[in-house]
Amino acid sequence: MGSLSRRQWLMGAGAALAFTGQARAADTVNPIVDLPKLNQIGFRPDAAKRFCLTVAGASETPSGADAGADVLAGGLNPIADPTAIPLPGHFTVETETGETVFSGGFGPILDLTKAAGERVASGDFSALTRPGRYRIRCGERVSAPFAIADTVYRPLLHDAARTFYIIRANAALNDPVTGLSHAAGHPADAHILVGKETRDLTGGWYNAGDFGKWTHMAAISSSQMMWLYELRPAAADVKLDMPALWPLPDLLQQARWGLEWLLRMQNRDGSVLHKVDTEPLYAWGKPPAEDPNPRNARGASSLDAGVFVGAMSQASRVFAKADPAFAKRCRAAALKSWAWLKANPNVLHSDPFYVDPDVRQEVAWATSEMAVLIGDADLASLAWGLFAPLKTRDDTGILPFFWPSPQVLGAMALARYAKGPARDAAISGLHRAATALAAIQDGDPYGYAAIPALYSWGSLEMAFDSAVVCLFAHEVTGDAVHRRTAQRVLDYALGCNALNLSFVTGHGTHFVSHPYNWTYRTQKKLMPGWPSGGPNGQPQGADPLLGAVIARGTPPAKCFVDACEDNGAWACNEGQTTETAALVLAAGLLAI
């Protein structure tokens, strides 16, 4: 069944790209969308503003002797003589009534043959700051409409944050906004046998397309919501049109729902359970109340204790004024699990569906937040020292940020709150990590990457995560370059990509409309603000629908299927909580 294959291959397969949109021929190996492509929601007045235009499809011999090698390395190749699609002499930005308000020229034509099967030119209209509704015109080719406004990302923030209300586990839903409704599911979660004890493990979120609830996903998701609240106090005014459970701002209501479940997952000795699920059986196509499969809890690990300590330590800070009693509970829980983690630093879980054999990233997050919680400068220095051995994509150990590697959340805590030299080191580290991400992005006029291998399972989550790292760096350094890097990532996700497709449901002119999620599968109704998994050109772990696209030789950046069927497309069109939380944080930091 689809869900089983999806999870088995998650760590070995990469995020998958999309195969849909307004292409010349939807079933061709390399569909070409020759309209101007850009962020279909729009831009704040002070933001960098770009669009892309395909000017030539792929040829068998890319221009330049080293073109293929340069593209694989993330490089750019100017194309001297594209012939497939003419490039206009200039572009204009016009109002919806046809009034020209800006005119500009194109940058060099760049070779994305390996990643996207095309050559692309881009135009910059950052100088246009007047609020309004516009479109790009390149000769006879016209873009989707977009807005320039201070509040342009508020609806996106609202909808993405609100999805966490819709996907609450063990809760009935009758939502007048989306029309989605269902009975409360999985009542057995209230009396799950853990050892010899019956436990109430209700709450949390159904993480992705099915009904699993994972500790690490809930902790990372709650943390990102809390970071938005910490960095943008005005987020307290965001209204999510949902019933209130506690006297808290709506954003903290959402975070607390996840935190309350995490507290239930803590054992008496301070260890933390890994998940609640029906694995290896999955009730695909049924609403939660009709899932016939038995629910079980999987045992504790150092990974789960690490993310628990990180999230609870942060919660004790974030809720200190809004709900002191809850903050005190979170502090006590963090200290208890910290004691267990120190005594049990390398206990792995045995979950075959979310494999993570390395506890160091979670321990780095936990140690960083604990240093802030107890105000220990020596522990903060020790925490920063845990990052260096994690070096993979940068020289700091901060990258990559992804669900098995949440250490950047700890680096941000050190950079903002630590005492002593660890604070300066973390600030410098975030700056260098964001600079490394910009170097990868610079190879792609669309704003993600020109490296084919990066279009893998969860590519869109990795994109949003990179935006979060860059926005964190902007917060602690003030360097506007990092904010522009994050903006380009959001542009890519919302339509400035080879498919002219917004990968977020309900946002943009051309958006994903068949998300691989139980809400859509059971009711055929969209919850707006839910992101797709993203383009995936990796055959390992691909579902049959995506696999057929990959087998045709479609370029990785276009390997995407907007479908929610028994045979797919979970390998490219399934989002999850940590990805949506990263979208909430990135959109919120740009919106408020």
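The points below concern salt bridges and their surroundings.

1. This is a predicted model, in which local features need pLDDT of at least 70, side-chain atom pairs count only at pLDDT 80 or more, and totals for chains, interfaces and linings use all residues. Residues are numbered from 1 along each chain as its sequence is written, and side-chain values use heavy atoms, with hydrogens and water left out.

2. The whole structure contains 25 salt bridges (a side-chain nitrogen of Lys or Arg within 4 Å of a carboxyl oxygen of Asp or Glu).

3. Lys37 and Glu118 form a salt bridge, with their closest N and O atoms 3.4 Å apart. Lys37 lies in the loop between α1 (2–8) and β1 (42–43), and Glu118 in strand β6 (residues 118–124), 81 residues apart; helices (H or I, at least four residues) and strands (E, at least two) are DSSP runs, numbered from the N terminus. Both Lys37 and Glu118 are buried (under 20% relative accessible area; exposed is over 50%, partly exposed in between, with a 1.4 Å probe and protein chains only).

4. Arg137 pairs with Glu94 in a salt bridge, the closest N and O atoms being 3.1 Å apart. Because Arg137 is in strand β7 (residues 132–138) and Glu94 in strand β3 (residues 91–95), the pair ties together parts 43 residues apart in sequence. Arg137 is partly exposed at 26% relative accessible area, whereas Glu94 is buried at 4%.

5. A salt bridge also joins the side chains of Arg133 and Glu96 (3.9 Å, N to O). Arg133 belongs to strand β7 and Glu96 to the loop between β3 and β4 (100–104), so this pair ties together parts that are 37 residues apart in sequence. Arg133 is partly exposed at 39% relative accessibility, and Glu96 is partly exposed at 42%.
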